[in-house]
Amino acid sequence: MSRGVPGYDEQKAAREVANFACSADFPPQMVEGGPFRGFLESLNPQFKLSFNRVGSECMKVYKERKAETKKFLVNFDGRISLSMDILRHESGRWDTFRCDDYVCLSAHFIDENWKLKKWVLSFRSLWGSDESDDYIPEGDDWGIFKLLQDWGIQNKISTLTRNNEDCDDSLVEFVKSHIQDKNLQLNGQLFRVLCCGDMIKTMVEDAFETIKDIIYKVRQLYSFGRSLPLWYLTTHHLKGALQLWSMGEFSSQDVINDYDVPPPEEWKKVEGVCLIADKMYEVSNALFETKHLTCNVYLYHLDELREILTQSSTDSDEFVATLAKDMLKKFDKYWDDMFLLLAISAALDPRFKMKYIDFVCSKVKGMEGSSQAAAVLVSMNKLFDEYVIRFPEKENFICESSSDSDSGSDSEGECPTAGCANHTFSVVKNYEQFLQLSDQPAKKSDLHCYLEQPVLPWSQDFDALTWWSTAGAKYPTLSRMARDFLAIPVSVASSYEAFYTEARPADEHVVCLKPELMNALVCSRSWYSKH
């Protein structure tokens with residue numbers, strides 16, 4: 001107890017400040033200066049906590065929370081999906097400019113209360129040092145498998161999602177090869193997940209690239225200002241310039257003499273790019289701003305995006321049609337690579353089931369559609385069989401078909417009796433046993449029962465997690481499968497962050513700290529809701 005301040009416990013104060021720093025975006029270095037320090041001293045003049053003291057306490061909080069978090073994950077009875085994100089921090093002026101990249105590895109899962117969770121397992125500099133307790137050494141897999149072993153979850157991993165442009169196939173394959181022995185689902189077909197946000201961003205950026213010289217001219221006439229590197233903002237600025245051009249703002253002789261004003265045919269190309277990008281933004285925004293962004297919602301959004309590109313590919317404007325065709329090629333590659341995962345997840349949405357898979361396969365693949373849909377169903381059955389083995393229920397077959405034998409009487413009426421005989425025919429006994437077996441009601445798995453039930457009416461705000469939380473009693477094994485698949489992140493980022501055209505920024509107040517404290521704060525803050 002500090003003398004002169006009744007009830008003040010400096011150790012307890014240090015722990016509470018550390019708890020706060022490990023739970024909210026509060027930089028612990030603020031305790032040493034500025035308004036926050038003054039605020040604390042106004043409450044207690046004896047408050048003399050140093051940054052080092054609070055930082056040391058933060059490490060204790062982190063280690064305690066990590067032990068609890070590890071225990072939870074080790075005992076977790078479902079699958080865990082991984083995402084790997086690259087964040088960037090830029091500092092200094094042109095002569096002292098520095099750019100540092102940071103790797104964030106997160107675990108995604110749905111807990112027993114059907115709440116979607118994203119917990120950071122590690123956050124470190126891409127070129128970090130071994131000062132950190134959670135240091136990941138450079139290597140074929142950046143030490144990811146060793147990290148998973150440290151967390152005790154190497155047997156639970158189902159997928160890995162990475163930024164496409166940063167993705168090193170050898171890294172993914174190396175991690176996959178280690179986990180392969182741990183029974184990856186469908187022999188690892190679903191392990192590599194390509195980031196949807198990156199795919200859309202790449203298509204739009206490629207479209208901008210086709211008119212980059214025109215954009216340069218436009219920027220001389222119209223200031224884009226300083227804004228976040230979001231691709232829809234580029235479209236917004238180009239549309240603003242288009243509007244001014246249509247009003248004749250750039251047609252004066254002075255402007256023409258001073259600037260290289262694009263001719264009408266070039267403005268027409270800008271308009272064409274904006275037209276496609278605007279339509280793509282409308283669908284992408286609906287996807288990434290979805291209130292319940294689970295794996296089941298991606299397929300129908302991408303189907304809508306494909307419709308837009310297909311229609312644009314037949315546009316009367318040759319430039320727009322060519323642009324759309326090029327984008328469609330990139331889109332179809334992503335569609336084919338990701339279709340099995342997205343289709344299985346969509347089939348686990350009671351609004352779609354296999355009905356939507358049949359519909360979209362026939363539309364996209366034509367005559368080959370039925371075989372593609374059949375392959376999805378085969379994969380679902382294989383997956384379901386794996387879950388039946390992993391989680392044996394007392395009764396895995398819960399649906400029974402109706403039987404007409406319940407009345408106990410012969411529908412053809414009574415047979416007349418011709419007299420008594422003592423001989424017992426063994427063939428008749430065998431026949432009676434056969435009848436008893438064949439009269440048993442046909443039982444079906446909960447997967448078959450689920451797929452046979454009518455689809456739910458369409459609802460824009462449908463929450464698959466809420467539906468499955470109540471349907472679990474009816475479909476016990478299938479609900480486990482749904483819980484694992486709905487948690488798979490198909491995009492590394494969501495909301496407006498999915499529209500970044502470059503690496504998203506790291507928190508400058510965190511990356512300036514020592515590696516072990518930086519990792520501790522980022523991880524423990526992501527676990528906060530657990531504690």
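**Exercise 1.** How many nonpolar, polar and charged residues does the lining of the largest pocket have?

*Solution.* The structure is a predicted model. Begin with the size of the site: the largest pocket has a volume of about 930 Å³. Its lining is made up of 37 residues, and Ser106, Lys118, Val492, Glu497 and Arg504 lie nearest the centre. Sorted by class, the lining has 20 nonpolar, 8 polar and 9 charged residues. Next, consider the elements involved. At least two lining residues each come from strand 1 (80-91), strand 2 (98-110), strand 3 (116-125), strand 8 (504-505) and helix 20 (515-526). Strand 3 gives the largest share, 5 residues.

**Exercise 2.** Determine why the pair formed by the rings of Trp245 and Trp267 is stacked, and state where each residue lies.

*Solution.* The count of aromatic pairs in the model comes to 33. For Trp245 and Trp267, the ring centres are 5.3 Å apart and the planes meet at 15°, so the pair is stacked. Trp245 belongs to helix 8 (residues 231-246) and Trp267 to helix 10 (residues 264-288), so that the pair links distant parts of the chain, 22 residues apart. Trp245 counts as partly exposed because its relative accessibility is 29%, between the limits of 20% and 50%. Trp267, at 1%, counts as buried.

**Exercise 3.** Identify the rings over which the charged ends of Arg390 and Arg480 sit.

*Solution.* Take Arg390 first: its charged end sits over the ring of Tyr387, 5.2 Å from the ring centre. For Arg480, the ring is that of Phe391, with the charged end 4.1 Å from the centre.

Definitions and conventions: Residues numbered from 1 in each chain as written. Predicted model: local features only at pLDDT ≥ 70, side-chain atom pairs only at ≥ 80, totals over all residues. Heavy atoms only, no water. 1 Å grid on protein atoms, 1.4 Å probe; cavity = no way out; pocket = protein on both sides within 12 Å on 5 of 7 lines; lining within 4 Å. Points joined across faces, edges and corners; volume = space filled by probe spheres on them. Helix = DSSP H or I, 4+ residues; strand = E, 2+ residues; numbered from the N terminus. Nonpolar A, V, L, I, M, F, W, Y, C, P; charged D, E, K, R; others polar. Phe/Tyr/Trp six-rings, centres within 6.5 Å; stacked < 30°, edge-to-face > 60°. Buried < 20%, exposed > 50% of the residue type's maximum accessible area, 1.4 Å probe, protein only. Lys NZ or Arg CZ within 6 Å of the ring centre and 35° of its normal.
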